[in-house]
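Please consult the sequence and the structure shown below while reading.

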Amino acid sequence: QPSTLGHHLLAYAWMALRSVDRFTGSRSRLDVSPLGAGASSGTSLGIDPEQSASLLGFGTVFSNSLDAVGSRDHVAEYVFCCAQAMVDLSRLAEEIVLWTSTEFGWARLDDSVSTGSSALPHKRNPDIAELVRGRSARAAGDLAAVIALQKGLPLAYNRDLQEDKRLVFDADDVLESSLLAMTEMLGHIEFAPPMPEGATASLDLAEALVRRGIPFREAHKTVGMLIITLENAGRSLTDATFDDLKTAHDSFEEADLAVVDVEKSVTGERSPGSGTAASVHRQVTAIRSRIGADAG
């Protein structure tokens, strides 16, 4: 289905904002001081957990000493936030790898953010994108490990839990460095998306029938059979004549030939969050407003 580059890239912007929400949402569960829980069941000494929490900048203190020393779900949650953010970056990285290939040719990386091949002089390798895509596996592995680490542990503290440090620090480091690298790469890329083929507007032709009361299931099958008939004759949907349409379904009208147009297909998308210029503008405005609010 035809859309715009802005619409496509904005999808990743919304993913990034959801990651921000996840990290922000996890903050309250991380903002709990475990100091004063002792080894497991507390202490007879006159300590003041609230005071130590206040001095260290924690928002609150633990409610159960056994839980405080023996649980790491807050760590797992943070590692998940890192892993999910890396998965989103990896998806974008994969598209950059595809788009910058000779076969696609939809984008071009500046020399400053690409590398030459060890053997092929003409290549401009998207190494940053490939490395980020690969490093997402590390974050996913850290998440799997921190989850498995907790499985089967009795209360309270067990030495196994010392392994959580490496996992959370690694996931954090991977995400931070990947964000810096991807930001630099995206600042030095030129996009050149091609005009979609006319046949990608086939949904608009089916929707023309739906607007006349034809069930979508029937409209979908009709247009699909029309495309197969045209292809068997060595033609495409953009070559269709009114006779072709009438043969496919009596409810077609001659004006329906005009809907097989990719630009009209995009501008005609009225549903929320679509790729029309107005929708893209609204999304950009909303994202900038959100970023400004978060920065403030």
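## Terms and model

A residue is called buried when its relative accessible area is under 20%, and exposed when that value is over 50%. The model described here is predicted.

## Helix H1

Helix H1 covers residues 5-30.

Leu10, Tyr12, Met15, Leu17, Ser19 and Ser26 are the buried residues of H1. Among the elements that cover them are helix H4 (73-99) and helix H11 (277-295).

## The chain as a whole

The chain contains 11 helices and four strands. Its C-alpha trace spans about 90 × 55 × 40 Å along the principal axes. The radius of gyration is 27 Å, whereas a compact globule of 296 residues would have one near 19 Å.

Of the 296 residues in the chain, 33% are buried. Among contacts with a separation of 6 or more, 72% join residues 24 or more positions apart. The accessible surface of the chain amounts to about 17400 Å², and carbon and sulfur atoms contribute 56% of that surface.

## A nonpolar surface patch

Which residues form a nonpolar patch on the surface? The patch consists of Leu35, Leu55 and Leu56, which together have about 330 Å² of accessible area.

Leucine 56 lies in helix H2, which comprises residues 49-56. Because its relative accessibility is 53%, leucine 56 counts as exposed.

Notes:
Residues numbered from 1 in each chain as written. Predicted model: local features only at pLDDT ≥ 70, side-chain atom pairs only at ≥ 80, totals over all residues. Heavy atoms only, no water. Patch = residues over 30% accessible without salt bridge, like charges linked within 9 Å, V, L, I, M, F, W, Y side chains within 5 Å. Areas by Shrake-Rupley, 256 points an atom, 1.4 Å probe, with all protein chains shown as cover. Salt bridge = Lys/Arg side-chain N within 4 Å of Asp/Glu carboxyl O. Helix = DSSP H or I, 4+ residues; strand = E, 2+ residues; numbered from the N terminus. Buried < 20%, exposed > 50% of the residue type's maximum accessible area, 1.4 Å probe, protein only. Rg over C-alpha atoms; globule rule 2.2 N^0.38 Å. Contact = heavy atoms within 4.5 Å. Expected span 1.5 Å × (residues − 1).
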